[in-house]
Structure formats: C-alpha cells, structure tokens
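Please report on the local structure of this protein model.

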Amino acid sequence: MGLTTRKAIYVEYPQAVPLKYAINPEKCLKLTKDKCGNCEEVCPAKAIDYKQKEERITLNAGAVIFSPGFKPYDPKIFDNYQYSHLPNVVTSMEFERILSASGPSQGHIMTLPKVPAHPTTKKDKLLAERKKDPKKIAWFQCVGSRDMNKCDNKYCSSVCCMYAIKEAVIAKEHAGDDLDCAIFYMDMRTHGKEFERYYNRAKEAGVRFVRTKVHTINPLHDSDDLSLRYVSDTGEIVEEIFDMVVLSVGLQIAPETIELAKNLGIELTSGNFAQTSSFSPVETSRKGIFVSGAFQGPKDIPQAVVDSSAAAAGAGSLLSSVRDTMTKKAESTPETNIVGERPRIGVFVCRCGTNIAGVVDVPAVRDYAANLPFVEYYTDNLYSCSQDSQDTIAKLIKEHNLNRIVVAACTPKTHEPLFQETLMKAGLNKYLFEMTNIRNQDSWVHKNNPELATKKAKDLVRMAVSKVALMEPLKEVELKVNQAAMVIGAGLAGLTAAKNLADQGYEVHVIEKDSKIGGQANNLYHTYKGENIQKQLLEIKSDIANNSKIHLHLNTSVEDVQGFVGNFKSTLLCNGQTSEIEHGVSVIATGGAGLKPSEYCYGQDDRILTSLDLDKMLMADDQNLKAMKSAVFIQCVGSRDSERPYCSRVCCTHSIDNALELKKINPEMDVYVLYRDIRAYGEREYNYQKAREAGVIFIRYSLDNKPKVELKDGKVLVTVIDHVLQMPLEIDADILTLASAIVPNRDEKIANFFKVPLNEDGFFVERHAKLGPSEFATDGVFLCGLAHYPKPIDESIAHGMAASSRAVTLLARETVKTSGNVALANPNKCSSCGVCVSVCPYSAPSFVKEGRFAGKAEINPVLCKGCGLCVASCRSGALHLKGFDTNQIFAQITALVDAA
C-alpha cells in the first residue's frame, strides 16, 4: 500500500497462500544492476535463482473460469481531495492495513505525517512528533464510483458503504469510544443479509452518518489536520476539523484484464465488467468460459463465493461426461498408533492479529501452558490458521513426537476441521485434538478488561489440556452416498439447482407445494437488464419438463425426513397419499413472497397496488396505464422498520424499472419515487440515472416522517415532506405502488426435519455468513434463493447453481465418513428405561432385539450426531459420548475449580 517502504524480498501478506518470499525485480540490485546477490549466498535452501525466466505453459482445458478480480480505484485524479499531497488522506485499503495487526502500526491507529520510518534529521524528527492518535476520522463515500465528473465509473461499487461502516466500528474498538467517526455519504447501501442491523448497531455505537458530498479537503496551516466544509441535510454550511480522512474507493477492472477479455472474445459492459444475462449469470459471451467474482460485477464476499460455486457448477455440467477421468488422488499419511503412550501435548496459542492479542497477553498464556501436565511443546502464532502455520504445526508434531494437540484460537465451528486435517497430515488421529475459543468467548467479551481476559485464557487452555490428555483415537464409519437429490421448492433457484444436478448426471426429485412451478418469477415482468422474464421462464419450464432425470412432485409437501448425509428417506404427501423417496442430499429452496401491506390505505382502493400488482398490469399491457397522469412509488414498505429490520434488496431497482416503463408508456406522466435510500447497487445504478434523465422525480423521506396517504373526494392523495424544499408536497396519484417487503415462508417444519436454524426474520441461517452461503452446518443439506435472503433473479439463479455445486461435492464422492464423536452404550449398565430412545431427535438409540443383551440400548453410529442428549438423559450411566466422556468433562471442571 506504500504506507511503509518494502524491501526487494518480501512476503506479500501474512496469510498468503503459498506463504513464500518473492523478489521484486524492479527493486532487486542483482536484477537491475547486477550487484549484491547476498540472498543467494545466505539461502540455506538454495531457493534463489536469478536466471529464472518467464515460461509459457500450454494447458488443455474443457472449460475456463475467469476470475481476475478487481483493481481499487486510484483517487490521485481527485485534486480537490489532495490524496497525493496530504499524508492523512488515505484510501480505505490503506486504512485496512492501518487497522491490521500485520500493518505498519500493528493495528494502532495514528496519523501519518510524511516522515521516514527512522528519522535522523531535525526536520524529520519534528515531523515525527506530529504523529498522534486521531480524535476525529471522516470517511468519504463514492470515491471513484457513481461519478461521471472526475471519472467514468457510473456504477455503484456495492461494497463501499459496508466496509466503511466496518472500518469505523473497528476503529472505535481500537481507539476507544472517544474517537469521533463520521461517514459522509449520498445513499447508504446496506442491502446484504444482516447488513442493515450492522448499520443500526454502528449508529448506536456512535458512528455519525452525514448525508452530503464534501467537495474539498483543505489542510490547516502548519498542521496535518484537515478542514472540511459541507452543506448539511438541512441546508446549513458546516465546517469541521478532522485528523484523518479515509477515501472509500470503488472497484474497477484493471486495464490488463480488459485487454485479456477482449483477446478471449469476452463481451464487456459499459463498466468493463463481463457481459452476462440474468438467466445465465456466470456464463460469458464465449461458450465454455465462465466468470466469477468482481469481474462479473461489483460484489461483496458472500456473493463472490456464491458466484464461484455457480461457475464451478456451470463447468461441472459442461464436463460431467468426463468426470474423474484425469483425477489424481492425494497421498494419505499412515496413522500413528499412540494407544498406551504417555500423553505428549503440544499447545499452540493464536494471536489472531489484534483480535486476540489486542486484549489477551498471548505470551503470558503461552508461557503458562509450559507448566501444565504433559505439555511437551508450546508456542504462539500470528495466525494459526494460515497455511504457513499449518505446515509448521505438522512439522512440529513429527519433530517433537507430539500425540495430542491443543489450539487456543477462535471458534472451532469454522476452524476445527482445518486443524484436524493438519493432524492427519502429520499422521495423528484427528480426534486427538482440542480447540479452545479464546476469541469469541474471551477477548471479544472481555475487551475492556485485558487482565481478566488473560486470566480466563489461561483457564481455558488449562481445561483444554486436562481434557485432551484423556483423548483416545476414534474411528469413523464409511457410508455409501445415495446418488439422488431432493430439492424443496420449484422457484427459479430450486429449478436451477435441479437442472444443474440433472445435467451433471444425478436423479433429482423436486417438491413443490403449489400446482405449478416457477415461484415468484411467474409474477414478474422484466429484469433490470430488460429481459422478458416470462419468456425465459417458459424455456426453463420446458427444460425441466423434458429432462428425464428430474421428477416433479406438485401439490406435494414433505411430511417427514429420516436418515443422515448420503442416506435420507423423506415422506411426501400429495392429495392425501403418502410416498417415500430416498436421496443423498437435500436442497432447501422454499422461497419467499411479497408482503401484503397494512399501511398507506392498501386494500381500500384499486389504485393502490404492490409492485407485483403493477407487474401484472404491465404483463397484461393494461390500457389504463396510458391514460394516467401521475404515478407514485413508496419504498421500504414493511422493510427497514422495527418489525422487519432488513432491506429487501430488490425493491429500489424494481420500482426504478417500473417507473421507466411507465415513462415509456406515457412520457408525459408525472412519476414520483419516495425513498429513504436508493439502493441501486452495481450496474443497476445506470437505470437510476436513466430514470432521473427521463424525468422521474425522487423525493427522500425519513422513517420518523413517512409519507401520508389519504382517500379524499375520490382521489388518492400522497403527502410527503420534500427534502430539498423542507416543505410538504401533496401529490394527486392516479396510481400508487407500494414497494413492499419480501418475507420468507418461515418453514419451521422443514427446519426441524433437517435440524437447520432460522434467524429472527425467518430466513434460513447458512453455515458461514461469508464463506458458506449455500450450505448448512448440517451435512448434506444446502440452501438457495429467497429462503436465504431477498435477492433478484440473477442472484437467485447463481445461488441455485451454487447449491448444486456444493451438493455435487458430496454426490461425486460416492462415499462419506460419519463422525467419530458418537454415543456408545454399555449394555451391562443399561436399565432398559427407554429414555434415550424417546429423547433422541435422530432415532439413533434402539433396543437390542435378540441375544445376550436383548432389551438393552444400543446406538447406531451412522444415525448419531453426537449431540449428547441421550448421555445427559441416561439415569444409569450406561451411555458415553466419545470425545466428550464423563472423565474428560470432569477433568475440565476439576481444572477450572483448581484455579479457584
């Protein structure tokens, strides 16, 4: 980022994969001037080779996934912000490095006077004294986005609002609540899942949001402080002094990527992103080349992950006939038999940047572990989850003959499998491992009390060591995977998942409670790109009907689900008749619906419609629309309020598209859009611009001063406070369209069948908000479409393909292994009370039917999920949970009590 000088030899960043040093040929004296060469002489691995040249390698591929990423916008062209001249004007990417534990200030926020890292002259030393902890930081939004004056990036970069909020919140966490963080913005676009809640929490945490566009940054004389002069929302001229300004730069495509795309014959949009259709969102204009990530359009991490899986699904469908013909199997390390050996425990404490080390005294915790029983090796790592640390852990296990491992880091929910894989590479059984959470359960909850957090971290490590010393190797059972899938829901997302699964050669059962397929797409007119939804939907329906591998079950509901990953058995109910299907995976695509509003006089007059009602009129070419003189759209009806504190994502674009359509039908029609924030993210921004050019009038309102609708003298009267004039404006509307919220179907029955959670809004909760948006924590169950969160057609289709891609990773294996953490029954102690049979949600316990232990309980390890409910309920102590046995749990409790 240029915040500090970097040597000619460097590691790109601490968690780089592979974590290897590189030489910058433009800085290396040997390569530029044929001098020095010291690194080659001192390198013990003989890894330095100055004679290496670029090589051209030819690969034969059946499909290509193009994911070249983006380039952050360079704001040097903004002379009014003086980014090149003022040291405390930084980009958002640079501020990310300042916040990072591996950054130039190790996560400590300070101002940046232009001074060498090691000042020697009197002038530089005086400048160095100007370094200070900032008291006020400002963020400028839309720098290099939504701009036709300083640059030609007319689109919205989609991610800037959220990362600015995140940076402001983290900055306050680092510097304390006294830090004044102000975000200057035009529209706050927090349109992703849980984004609106984060926005609200930021406001509660004291982050200021100022709706204005600051024109100029002026430095104060003989100071590095910055003066901002702007017009407030009420029209007042305000001047403020800030210590630092962060420019929230947008995403753009690098020139070399544009050139490569042209050479490959890939058509580009006006924003230089890959041209795709809403119904084939990851297919480029050249067949066989798929696209994912920011090159497909500006997007955040979850959508980029969805698109990458969707692109894999597209390539998988294309290449399904040759699957596994060129597969190479990784060599597995033989497992070391440690049964009967004395415990030799290795303890690895993670600093996790400042996430943990910013609160917990990690070296103290590390040194404390040295004195615990059976600990043979102890250390700390910057990032224990990095590839470099993983390789080091595997190496240390072998070097020190360790037979049990404790990692004190973040949550095992996401990271435990990674460390278990490392143990397996080192030849250890993966269950000889204990992970204790000193982040979520310690540094995060005790961030204001470092001393207490450090003491608690020591307690947690001591408990983990006590437990892992008693751990024994566990075995896993291998099961065959039923090569069929069940998709619940026949909306666009579900149909896309089903079609892709079928195209890859798998039998698919599609369960739909309605009498027809297509879901909400049956009610929609055009996409934001102008594509005819009904025409495309007919083609999809035809493809589904003519695919012999897809079995449609209409007017059908799922009444029961038994089994486990790879071997599910579901009971279906159709017209009073039940049937059973067997399948290896399940895709939940239960969809959502438009809210029927309870405000703005909806239902009291035929002229007051929802967005879907207006779409029906447009599809029917309703002639009444031509005679109308005025139309009003009201946004956020039932969204972003106390009852539904989420953004429905599609409403702004939908209303803008329909407003343009009304203008096309009757150019003389007065069209008004009453909004809180226009969230036309990505290249949807173009339509927002077209609407303004076409004469659509946008009037902003606030949540505490919403528009009023009256039915008076046969008229529909809409009153709103004009945000520019600060005066009430009354509109006589011939048609009033309410952009109502998208609400989930909240299918708790399905959630209970598959043991998957719903959030407080009724949407399904994915495995990981960023890295697992298409799957659940429950193995073999996947997620897509509106059941996950409101989204437009292109994103729903991409999500359906992503769910299919994730499902194929299981189906293609043909076998899966069960967990070793399962319950075990001791028939000698069993009293045959049957409590375990009655309480188990997975039907794992049963009674032995014959033989010596007839009538006693036994556990089916295949069905058992290791929840421990039966163990806790057993009155006779006959049940034990492997990996969480009584002696192990009591060892932890005793270790905690001993400290007290």
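Cys350 is buried, with a relative accessible area of 4%. Buried means under 20% relative accessible area, exposed means over 50%, and partly exposed lies in between (1.4 Å probe, protein chains only). This is a predicted model, in which local features need pLDDT of at least 70 and side-chain atom pairs count only at pLDDT 80 or more, while totals for chains, interfaces and linings use all residues. Residues are numbered from 1 along each chain as its sequence is written, and side-chain values use heavy atoms, leaving out hydrogens and water.

**Cysteines**

How many disulfides does a search of the whole structure find? It finds zero. The cut-off for a disulfide is a pair of cysteine sulfur atoms within 2.5 Å. Cys350 is in no disulfide, and its nearest cysteine sulfur, that of Cys352, is 4.8 Å away. The sulfur of Cys601 is too far for a bond, because the closest cysteine sulfur, in Cys636, is 19 Å away. Cys601 also counts as buried, at 17% relative accessibility.

**Two helix pairs**

Two packed helices are described by the angle between their axes and the distance between the axes. Helices (H or I, at least four residues) and strands (E, at least two) are DSSP runs, numbered from the N terminus. Axes are lines fitted to C-alpha atoms, for helices over the stretch in contact, and angles run from 0 to 180 degrees between N-to-C directions.

| Helix pair | Angle | Axis distance |
|---|---|---|
| H8 (residues 301-318) and H22 (residues 793-811) | about 65° | 7 Å |
| H17 (residues 611-619) and H19 (residues 651-665) | roughly 35° | within 11 Å |

H8 passes H22 in a left-handed crossing. H17 passes H19 in a left-handed crossing too. A crossing is left-handed if the near helix is turned anticlockwise from the far one by less than a right angle, and right-handed if clockwise.

Contact means heavy atoms within 4.5 Å. On the H8 side, the residues that meet H22 include Val306, Asp307, Ala310 and Ala313. Their counterparts in H22 include Ala798, Met801, Ala802 and Arg806. The residues of this contact divide into seven nonpolar, five polar and three charged. Ala, Val, Leu, Ile, Met, Phe, Trp, Tyr, Cys and Pro count as nonpolar, Asp, Glu, Lys and Arg as charged, and the others, Gly among them, as polar.

Between H17 and H19, Ser611, Leu612, Leu614, Asp615 and Leu618 meet His654, Ser655, Asn658, Glu661 and Ile665. By class, this contact has four nonpolar, four polar and two charged residues.

**Leu618 in H17**

Leu618 sits in H17. Is Leu618 buried or exposed? Leu618 is buried, with a relative accessible area of 6%. Not counting residues up to four places away in sequence, Leu618 touches Tyr525, Leu625, Asn658, Glu661 and Ile665. Leu618 and Ile665 are 47 residues apart along the chain, and their C-alpha atoms are separated by 9.8 Å.

An open sheet of five strands runs in the order E28-E35-E29-E30-E31, with parallel pairing. Its edge strands are E28 (608-610) and E31 (697-700), and each pairs on one side only. Two strands pair if DSSP finds at least two bridges between them. Neighbouring strands of this sheet are turned by 20° against each other on average, direction ignored. Three bridges join E28 to E35 (residues 735-740).

**A hairpin**

E24 (residues 567-574) and E25 (residues 577-583) run antiparallel, joined by seven bridges. Ser570 has Ile581 in E25 as its bridge partner. The two strands form a hairpin with two residues between them, and Asn575 in the turn has a positive phi of about 50°.

Lys480 lies in E19 (residues 478-480). Lys480 is exposed, with a relative accessible area of 69%. Leaving aside neighbours within four places in sequence, Lys480 is in contact with Gly566, Asn567, Glu814 and Thr815.

In H6 (residues 195-204), Phe195, Glu196, Arg197, Tyr199 and Ala202 are buried. Their cover includes H5 (160-175), E7 (180-185) and E8 (208-211). Gly206 follows H6, and its phi is positive, near 105°.
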